[in-house]
Amino acid sequence: MPEHKIESSEDKFQNLISQAPVLIAKFVGPSFITVTINKMALEIWGKSYDEVINKPLFESSPELEDGLKTILNDIYTTGVPFISNEIPVQLKRIGKPDMAYFNSVYQPLLDVDNKIYGIILIGTEITEAVNARKQSEASELLSRTILENSPDCLKILDTDGRIQYVNYNGLFQMEIDDFSTIKNINWDSLWNSESQGLVKSSIDNALKGETSRFTAFCPTAKGTPKWWDVVVAPVCQPGEPIRQILSVSKDITEQKRFSEELREKVSQRTNELHIQNEIFKQAEESSRQGSYSFNLTTGKLAFSDNLFRLIGYEPDKFEPTLDEFYKHVHPDDKEYVKQLVQKFFQRKTADEWHYRMNTKIGKVINIKGTGRVIKSGNENLLVGIMQDVTKEFELIKELQQKEEYSKNIINNAPDAVILINEKSIITLWNPKAEEIFGWTTEEVLGLSLSNIIIPTHYREAHIEGMKRFLKTGETNILNKTIEITALNKEGKVFPISLTISQATQHGNKLFIAFVKDITIEKENKDQLMVKTKQLEEINEALLENIQLVIQQDKTIETIKEFKFLADSIPQIVWTSRPDGYLDYYNQHWIDYTGMSIEETQGWGWESILHPDDLQNCIEVWTESITTGKPYEVEYRFKRASDGIYKWHLGRALPMRNDQGEIVKWFGSCTDIDVYKRALDLENKIEQFEDFNRIVAHNLRGPAGSIDMMIGILAESDSEAERLEMIRLIKSTSSSLNTTLNELMQVLEVRFNKNMTYDTCNLQELVDETENMMRGQMISKQAIIKTAFEVSDIEFPLMYMKSIFYNMISNSLKYSHTDVPALIEISTKKHFGKTVLEFNDNGLGIDLQMHGNNMFKLNKVFHSGFDSKGVGLFMTKTQIETFGGTISAESEPGKGTKFIITL
């Protein structure tokens, strides 16, 4: 009987070793005869049990002799254990090759006389931890590559505005040799006093979660003058407070206002996970695992010493019953674990599972359980391992957070960021790319870049250039900013600024493109070139005249002739010294101002300028005499005869000597008062015309509604319905009267000044418009639904009422006759602006046929309606007058959506 128990115990121990998720082998004697080896060890060595058991190790596995024999001899001779970490092993799992990693311990075995009689090998698989670390390192490498390859100056600031990081290109552009000289200093202190207010304001906006952009002058650390285009944005995880601020500064000295680039910074380091192993019990402890045995026949449960320690107890501190085990299972997982145990009893099988346990001191740990059911006589035993994988869970969670952080920076970038692989397939497409090109991420991922945004005439060059680079490494565009054209979703070709950098991930080449739409910059540049050419032509003409004056004989008689000519001209003529001191005026100046030349020499002319024009005049004149730039300004002079201020256009050009130095300024002042007043009159006429259209359009609807309700009233036999119609007529009449009063107030305002902004409550506007359109609402069985993320909008109230009236009345007018009208009105924030949308289920508009005429005056798109083609034209004019935009999406028969951005 005792022999049977010993044999049963030995069977259990051998079964435990055989099924353990660690590599175990035991060698005895100086020839290292294999006496014990489990399934995992055989799987790794690629041997069968019969090939190695009870045989010298290097006879059964001679391929292991090189290197391993010396190690085993040293252990057997000296008794010093040997430890190896992260050993790669090629396995075959589920019929497929799989690379695994192990930590191994070779420990000498001692007999009762403390003499070495053998060696035990224990190896623990750490594949999950190694793969997690490698993935984190690859993510960090990609993020740092994106950051360090940025052509712009990138800075990371703390919430106090102090510099914490500047990339290499940034230090180079700022001409700073040692980053430590600027680390932790306030960013605004690097700027001149004129720009410090902009810098501080952008930091304040970032702390509010807003992105700012400004252009300012700031010399480098070595005094090189430079202009910068700067974007400042907050960096934070979703739902977390702002902890850092990202500043992207682009050197635009040579191309001021025409390009801007941003590099994303992803800089997080991860701590390496090292798992050290000792002998069997030490291996359990270092890998945070313990073994167990659960008798499915008797219900008896047994823990190894380290499994007790895993949950905070000394070995054998309590009887490990099933109920005691349940006490340490996390409450949220207890039902799941009980169901697992029930399956063990029913199916007599087990594999792998995950749950949480509470230790003695209440700490929650994540457990990975493995096991297998074996036969021991007539009993079924579940034997296996419980491993604390809390650190692995935390590492995976940390990796997910870092990936989310990197994604957040890229998604908030002010420029388009696009990643493609070696085959030009798009693998990343940020929100700014969606905005610039019109394609959503879902539409472009997995497609070729050349077919999406590259114009047809560039595609072949792009494909050939990619082939050449992959073959030879030669390229002309990497890490350079170029201007080129691109294609958007609508097929429109537009100019962009493009910078491409290369990165590597998992051994594969990636290309990172930073794209900026420079349409506005190009237009400004073209306008500037035209104006520059005009000024050059004027300057050339002036130089020719000056040359003629220089070549003339400067005799007293000639000077008298010049003075006579100047006094004969019916406009003011004057001259100035190079420093801006006015030293001559013609007679027209004296007659107009009533002042003598002595009174107005130098800067005496300031007294006759209108106070509102004085500062601008001084600034423009100061800039001209400082830079030599031609002088041009509009200002008002007081006329001596009646004290009235009249508008004049002041102009002056410098005369230079052969060395290019300014020796004299020649200027004139031309009376443009009639022209300015004509412009003002034209503006008032346009305002009155706009006002008349609003009156006609806004009164037609309520009047029609009253007419409709009077018709219902006349045909109704129900006294209750008649009373309701009378009430609605009174309500609509009241709204009509209110509208008239408001229109009169607008008229009064327009006599004196431009429209002012009001705080418009959108729900109140909906209720008011619905009340005005009550008759049409009832007739169309209409329903209005609202979803206002933004409840108030700053806009002239009268115009906003007109917009709501036009949108809702159009939805009612052009609704289906057999379907109740549904009107949905919503608002949201998008890139710092408010988007107001009107969506209906009406007749819709064929945009392919009418898209170009959508908002033009007197254009109608449906016959059989009392339509004038005024409402949409007026709405567009009102919106654009105050800096907004309006667009439409529509399909015939399916309804129309109007999108208003303010």
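## Helix packing and selected residues in a predicted model

The axes of helix α25, which spans residues 762-772, and helix α27, which spans residues 797-813, come within 10 Å and cross at roughly 55°. This is a predicted model, and the values that follow are computed from it. The crossing of α25 and α27 is right-handed.

On the α25 side, the residues that meet α27 are L762, L765, V766, E768, T769 and M772, and their partners in α27 are L797, M800, K801, F804, Y805 and I808. By class, the residues of this contact divide into nine nonpolar, one polar and two charged. Within α25, the buried residues include L762, L765, V766, T769 and M772, and N771 is buried as well. At the start of α25, a side-chain oxygen of N761 reaches to within 3.3 Å of the backbone nitrogen of Q763.

### The contact of α27 with α29

Helix α27 also packs with helix α29, residues 871-881, at an angle of about 145°, and the axes of the two are 10 Å apart. The crossing of α27 and α29 is left-handed. In this pairing, Y799, S802, I803, N806, M807 and N810 of α27 meet G871, L872, M874, T875, Q878 and I879 of α29. The residues of the contact of α27 with α29 are six nonpolar, six polar and no charged. An α-helix has 3.6 residues a turn, so residues three or four places apart point the same way.

Which residues does S811 touch, once those up to four places away in sequence are not counted? S811, which lies in helix α27, touches I823 and D840 on that count. The side chain of S811 also reaches the backbone oxygen of M807 at 3.1 Å. With a relative accessible area of 7%, S811 is buried, because the cut-off for a buried residue is under 20%.

D583 has its place in strand β22, residues 582-585, and is partly exposed, with a relative accessible area of 23%. Leaving aside neighbours within four places in sequence, D583 is in contact with T575, S576, R577, Q601 and K664. Two of these contacts are described at the level of side-chain atoms: the side chain of D583 makes a polar contact of 2.7 Å with the side chain of T575, and a polar contact of 2.6 Å joins the side chains of D583 and K664. D583 and I597 are 14 residues apart in sequence, and their C-alpha atoms are 8.1 Å apart in space.

D591 lies in helix α20, residues 587-593, and counts as exposed at 54% relative accessibility. The C-alpha atoms of D591 and R639, which are 48 residues apart along the chain, are separated by 9.0 Å.

### Loop residues

N488 is found in the loop between β18 (481-487) and β19 (493-505). Is N488 buried or exposed? At 13% relative accessibility, N488 counts as buried. A polar atom of the N488 side chain lies 2.8 Å from the backbone nitrogen of K492, and, not counting residues up to four places away in sequence, N488 touches I436, F437, W439 and F494.

Most residues other than glycine have a negative phi. S424, although not a glycine, has a positive phi of about 65°, and F831, also a residue other than glycine, has a positive phi near 50°. S424 lies in the loop between β16 (416-421) and β17 (426-429), whereas F831 lies in the loop between β29 (822-830) and β30 (833-840).

The table gathers the relative accessible areas of several residues.

| Residue | Relative accessible area | Class |
|---|---|---|
| S424 | 6% | buried |
| S811 | 7% | buried |
| N488 | 13% | buried |
| D583 | 23% | partly exposed |
| D591 | 54% | exposed |

### The chain as a whole

The protein chain has 29 helices and 32 strands, and buried residues make up 43% of its 902 residues. Among contacts in the protein chain between residues at least 6 apart in sequence, 52% join residues at least 24 apart.

How values were computed
Residues numbered from 1 in each chain as written. Predicted model: local features only at pLDDT ≥ 70, side-chain atom pairs only at ≥ 80, totals over all residues. Heavy atoms only, no water. Axes fitted to C-alpha atoms, helices over the stretch in contact; angles between N-to-C directions. Helix = DSSP H or I, 4+ residues; strand = E, 2+ residues; numbered from the N terminus. Left-handed = near helix turned anticlockwise from the far one by under 90°. Contact = heavy atoms within 4.5 Å. Nonpolar A, V, L, I, M, F, W, Y, C, P; charged D, E, K, R; others polar. Buried < 20%, exposed > 50% of the residue type's maximum accessible area, 1.4 Å probe, protein only. Polar contact = N/O pair within 3.5 Å; in protein donor to acceptor, adjacent residues only side chain to side chain.
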